Amino acid sequence: MARAALRCAAWSEQWFPDAWVFAALGVIIVAVAALAFGATPTVTVNAFGDGFWSLIPFTMQMAFVVIGGYVVATAPVVARFIEWLARAPKTGRGAICYVGLISMLASLLSWGFSLVFGGLLVRALARRDDLRMDYRAAGAAAYLGLGAVWAMGLSSSAAQLQANPKSMPPGLINITGVLPFSQTIFLWQSLLLTAALIVVSLLVCWLTAPSDRAARTANDFGVTETATPALPPRQRPGEWLEYSPLLSVLIGLIGLGWLAVEFVSKPAVTAIANLNTYNFLFLTVGLLLHWRPRSFLNAVARAVPSTAGVLIQFPLYGGIAALLTHAPGVGDVTLSHRLSGLFVHIATTDSFPFVMGVYSSVLGFFVPSGGGKWLVEAPYVMQAANDLHVHLGWAVQVYNAAEALPNLINPFWMLPLLGVLGLKARDVVGFTFMQLLVHVPLVLGLLWALGLTLTYVPPVMP
């Protein structure tokens, strides 16, 4: 199965275009569908243009999730902490499971942080001469945070969006209302599903890890093991403030003061559900951990290239969402309502989680963006959930759990991690494919079974 997965990865690298192409094709397909169902050309192009910039706040928020995670993970004190963590495993197989556990736990806090932190931990483990660890399997384990449970935690794009009415397009908020974390990621059903995914993923890591004799180390891939680049010495008098902790301390104190007021005046769950607060926390902590502004700015510069896909694709997703919800055709019916009607026709209240899970996982391979895909998918699947009286918060969690499945074989979100590791997607996808084979029946089965324990709650408008 691993060999078959490697062949599939090689085929994908040769024949699959950039993810932006899929987003662009999505715009064309949805626009043609709107025209086919009676929308006028003027209404169609206006909907696309009006929606194109509608997600700028959310786009920047998602970009800062990546930047904030990277900045914190590469701070010197965190780098020393990673070196300390890397001393714990005693065997190569144990090290792989260790990486998988830390990656998944970190992703519940921030998927951006998890990718970088997990990659740096693998590099630190690879520097140990007394440990023979398969570098490929360890890299795949570091990716489990994004490939298994990231969307079940605080950085879930869909859960964050649904908890923040100011970030939602008007067409969506009218369908779903506001869904706080207590109705999504903090449901006991969601916590149980997350725990099951972590345990099973670690078991697969253990069973698929190569033996010491078959392991291929970092040296086998020509990876030179170096720690995070040190801050170069100051060369000009004008750089004094860049190398002094003065600005970091003053800005950090102001930031911590604002955070203290925010968390004292609101319940912690409500405060952290605000994406601006969430990102502000990571950037403030990152600034203080780097201590010197130049170190902080260097980390930001290294993080920015990883946000390119988010910045250039999300406007297209905003246009698609507007075409679905604001380009009515015959009978003044939008594509969103037509698609929700299709879901109502083929699914029942009980089978909806399974049907939606299959659909979301398949679509996720072609639209590899949790937040962007939710904006495309949410208007009609949530309308269908309303019509079938499915718990709306669980519908979000169905999306979250199923959306992560294609990540296990889609190289799009692997890129930041692969950049840290110096590997290619084909090097790790054989191991992540084995995870996918186990995750698909587990996730879909639990989504269906746990959904039976929930009852419908009508949308709550802000």
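**Figure 1. Helix H8, a run of buried residues.** Tyr135, Arg136, Ala137, Ala138, Gly139, Ala140, Ala141 and Ala142 are the buried residues of H8 in this view. The model is a predicted one, so keep that in mind for this and the other close-ups. For H8 the tally is eight buried residues out of eight, so the helix is mostly covered.

**Figure 2. H8 meets H24.** Here helix H8, residues 135-142, is shown with helix H24, residues 425-451; their axes come within 8 Å and cross at roughly 65°. That angle makes H8 roughly perpendicular to H24. As for handedness, the crossing of H8 and H24 is right-handed. On the H8 side, look for Arg136, Ala137, Gly139 and Ala140; on the H24 side, the partners are Asp427, Val428, Phe431 and Thr432. Sorted by type, the residues in this contact of H8 with H24 come out as four nonpolar, two polar and two charged. Arg136, part of this contact, is also on the list of buried residues of H8.

**Figure 3. H4 meets H17.** This close-up turns to another helix pair: helix H4 (residues 56-73) and helix H17 (residues 293-303), with axes that come within 9 Å and cross at roughly 130°. H4 and H17 are therefore oblique to each other. Their crossing is right-handed. H4 brings Ile67, Tyr70 and Val71 to the contact, and H17 brings Phe296, Ala299, Val300, Arg302 and Ala303. The contact of H4 with H17 has seven nonpolar residues, no polar ones and one charged.

**Figure 4. Salt bridges, three of them up close.** The salt-bridge count for the model comes to five, and this panel picks out some of them. In one, arginine 128 pairs with aspartate 130 through their side chains, at 3.1 Å from N to O. Which end of that pair is buried, and which is exposed? Arginine 128 counts as buried at 15% relative accessibility, whereas aspartate 130, at 60%, counts as exposed. Another bridge joins the side chains of arginine 136 and aspartate 134, with an N to O distance of 2.8 Å. In that pair, both arginine 136 and aspartate 134 are buried. Glutamate 239 has a relative accessible area of 11%, so it is buried.

Figure 5. Back in helix H24, we zoom in on histidine 439. Leaving aside residues up to four places away in sequence, histidine 439 touches Gly147, Ala148, Leu197, Ser201, Leu405 and Leu408.

**Figure 6. Glycine 331, out in a loop.** Glycine 331 sits in the loop between helix H18 (308-326) and helix H19 (335-346). With a relative accessible area of 66%, glycine 331 is exposed. The view also takes in alanine 39: glycine 331 and alanine 39 are 292 residues apart in sequence, yet their C-alpha atoms are 9.9 Å apart in space.

Figure 7. Start with tryptophan 291, which is not a glycine but has a positive phi of about 75°. Tryptophan 291 lies in the loop between helix H16 (275-290) and H17, and H17 is one of the helices in the pair with H4 shown above. Tryptophan 291 has a relative accessible area of 41%, so it counts as partly exposed. Then there is histidine 389, also not a glycine, with a positive phi of about 60°. Where is histidine 389? Histidine 389 is in the loop between helix H21 (370-388) and helix H22 (392-403). Histidine 389 is partly exposed too, at a relative accessible area of 48%.

Key:
Residues numbered from 1 in each chain as written. Predicted model: local features only at pLDDT ≥ 70, side-chain atom pairs only at ≥ 80, totals over all residues. Heavy atoms only, no water. Axes fitted to C-alpha atoms, helices over the stretch in contact; angles between N-to-C directions. Helix = DSSP H or I, 4+ residues; strand = E, 2+ residues; numbered from the N terminus. Parallel < 35°, antiparallel > 145°, perpendicular 65-115°, else oblique. Left-handed = near helix turned anticlockwise from the far one by under 90°. Contact = heavy atoms within 4.5 Å. Nonpolar A, V, L, I, M, F, W, Y, C, P; charged D, E, K, R; others polar. Salt bridge = Lys/Arg side-chain N within 4 Å of Asp/Glu carboxyl O. Buried < 20%, exposed > 50% of the residue type's maximum accessible area, 1.4 Å probe, protein only.
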